[in-house]
Amino acid sequence: MVTIATVAGITGISAYNLRFYEKEGLISVPRTKAGIRDFDEATESRINAIRHYRCAGLSLAQIKEVFANTDKHEMIIGVLKARKKEMEKELAELEKSMAYLDKKINIHQERLNEEATKLV
């Protein structure tokens with residue numbers, strides 16, 4: 001039996017969020033006769049997809065739409081391409097910010113080195 005705690009540990013998604021995803025209909029978790037959630041491979045695969053979609057910035061509504069329309073390939077491609085384009089813009093901005101931070105680190109490192117040289 002694969003419990004909610006085990007899946008939470010493996011995926012990094014909290015048990016609270018897994019229960020929420022189940023409540024929202026994003027996942028359907030089989031249960032034992034005692035009513036305990038017993039995550040199967042298909043559910044774990046779906047959770048993995050949710051994790052990646054969420055990391056990519058898709059909303060729960062968008063994920064529901066993708067899951068509900070698995071045969072509407074053009075629609076899914078459109079949703080995913082639009083988000084990818086947004087991510088590319090965000091990545092470009094992050095790269096600019098990282099370059100700026102590198103520049104500032106170098107400036108301050110040079111100043112620190114100059115101060116250390118003066119002390120010698």
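The buried residues of helix α2 pack against α1 (4–11), α3 and α4 (60–68), where contact means heavy atoms within 4.5 Å. The model is predicted, with local features requiring pLDDT of at least 70 and side-chain atom pairs pLDDT 80 or more, while totals for chains, interfaces and linings use all residues. Residues are numbered from 1 along each chain as its sequence is written, and side-chain values use heavy atoms, with hydrogens and water left out.

Helix α2 spans residues 15–23, and L18, Y21 and E22 are buried in this helix. Buried means under 20% relative accessible area and exposed over 50%, with partly exposed in between (1.4 Å probe, protein chains only). Viewed down the axis of α2, the buried residues fall within an arc of 100°, so they line one face of the helix; the arc is that of the directions from the helix axis to the C-beta atoms. The face turned away from the buried side carries the exposed residues Y16 and K23. Just after α2, G25 takes a positive phi of about 85°.

Helix α3 covers residues 41–55 and contains T43. T43 is buried, with a relative accessible area of 5%. Residues up to four places away in sequence aside, T43 touches I27, S28, V29 and P30.

The protein as a whole has five helices and zero strands, assigned as DSSP runs numbered from the N terminus (helices H or I, at least four residues; strands E, at least two). Buried residues make up 21% of the 120 residues. The C-alpha atoms fill a box of roughly 75 × 40 × 20 Å, taken along the principal axes.
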